[in-house]
Amino acid sequence: MLTIWGRITSINVQKAVWAAGEVGQPFERIDVGGKFGGNREPAYLAKNPNGQVPTLEDGEICIWESNSIVRYLAARYGAGWIWEEDPARRAEADRWMDWMLSELQPAMTPAFWGLIRKTPGYTDEAAIAASVGKAEAKLDILEAHLAGRAYLANERFGMADITVALGAHRWLHMPVQQKDWPNIRRWYAQVSARPAAGPAMPLPIS
């Protein structure tokens, strides 16, 4: 059985939880990080020297970094399903997964920390407004891409849908005025209805 270390309020832990569920692998999730602490303890740092979450253990295999965990689970347990064997088709998924980490997630995080977690240093209205503007610009890109597409990459559900949908889940439940984004909302409703998505999408967001 897999072990996923990390609190479920972490969007990165949510990726691992959804991916494990999607490929049908039973797992135990252990709360670490945030209010639970433990991520700076020597035993945890021996697994993940960054002291971040999530960390995945699969027997003797120990992996950190959320996108690497999703790719590992997809390749080992979801080949021909959420993992594309063809490099060109897989690149379609890879780029959206990396876009989530490098573009959308950094854009939305200051507003999330300011409005939801009330993190000191992030509650300034101007900073929140700037974050909202940046996040909306990124989501406009996603909206355009999803026009006429059922899924982010190729013609079936895949690992990119897991990672980016969790960003959409967080943003669509933020206390900000929302754009219409009909393509995002259609796609989000479709992928979030999957059985494996529920445990990875707690509400309210926190």
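**Figure 1. The largest pocket of the predicted model.** On a 1 Å grid over the protein atoms alone, a pocket is an open set of points with protein on both sides within 12 Å along at least five of seven lines, whereas a cavity is a set of points where a 1.4 Å probe fits but cannot get out; lining residues have an atom within 4 Å of a point. Grid points are joined across faces, edges and corners, and a volume is the space filled by probe spheres set on the points. The largest pocket holds about 470 Å³ of space. Its lining comprises 23 residues, of which R7, S10, N12, Q52 and V53 are the closest to the centre. Two or more lining residues come from each of the elements α1 (11–22) and α4 (87–115), and α4 gives the most, with five residues. Helices (H or I, at least four residues) and strands (E, at least two) are DSSP runs, numbered from the N terminus. By class, 12 residues of this lining are polar, seven are nonpolar and four are charged. In this division Ala, Val, Leu, Ile, Met, Phe, Trp, Tyr, Cys and Pro count as nonpolar, Asp, Glu, Lys and Arg as charged, and the others, Gly among them, as polar.

The model is predicted, and local features need pLDDT of at least 70, side-chain atom pairs count only at pLDDT 80 or more, and totals for chains, interfaces and linings use all residues. Residues are numbered from 1 along each chain as its sequence is written, and side-chain values use heavy atoms, with hydrogens and water left out.

Figure 2. N12 counts as buried, because its relative accessibility is 18% (buried means under 20% relative accessible area, exposed over 50%, partly exposed in between, with a 1.4 Å probe and protein chains only). The side chain of N12 makes a polar contact of 3.1 Å with the side chain of K15. A polar contact is a pair of N or O atoms within 3.5 Å; within protein, one must be able to donate a hydrogen and the other to accept it, and residues adjacent in sequence count only if both atoms are side-chain atoms. Apart from neighbours within four places in sequence, N12 is in contact (heavy atoms within 4.5 Å) with V53, P54, S66, L101 and Q105.

**Figure 3. The two cavities of 30 Å³ or more.** About 60 Å³ of space lies in the largest cavity. I8, T9, Q14, H169, R170, P202, I205 and S206 form the lining of the largest cavity, with three nonpolar, four polar and one charged residues. The second largest cavity has a volume of about 50 Å³. Among the residues that line the second largest cavity are W81, I82, F157 and M159. Helix α6 (residues 159–172) gives the most to this lining, with three residues. The lining of the second largest cavity divides into seven nonpolar, two polar and three charged residues.

**Figure 4. The loop that holds G38.** G38 is placed in the loop between β2 (27–30) and α2 (42–47). With a relative accessible area of 34%, G38 is partly exposed. Not counting residues up to four places away in sequence, G38 touches V32 and Y44. G38 and G51 are 13 residues apart in sequence, and their C-alpha atoms are 8.8 Å apart in space.
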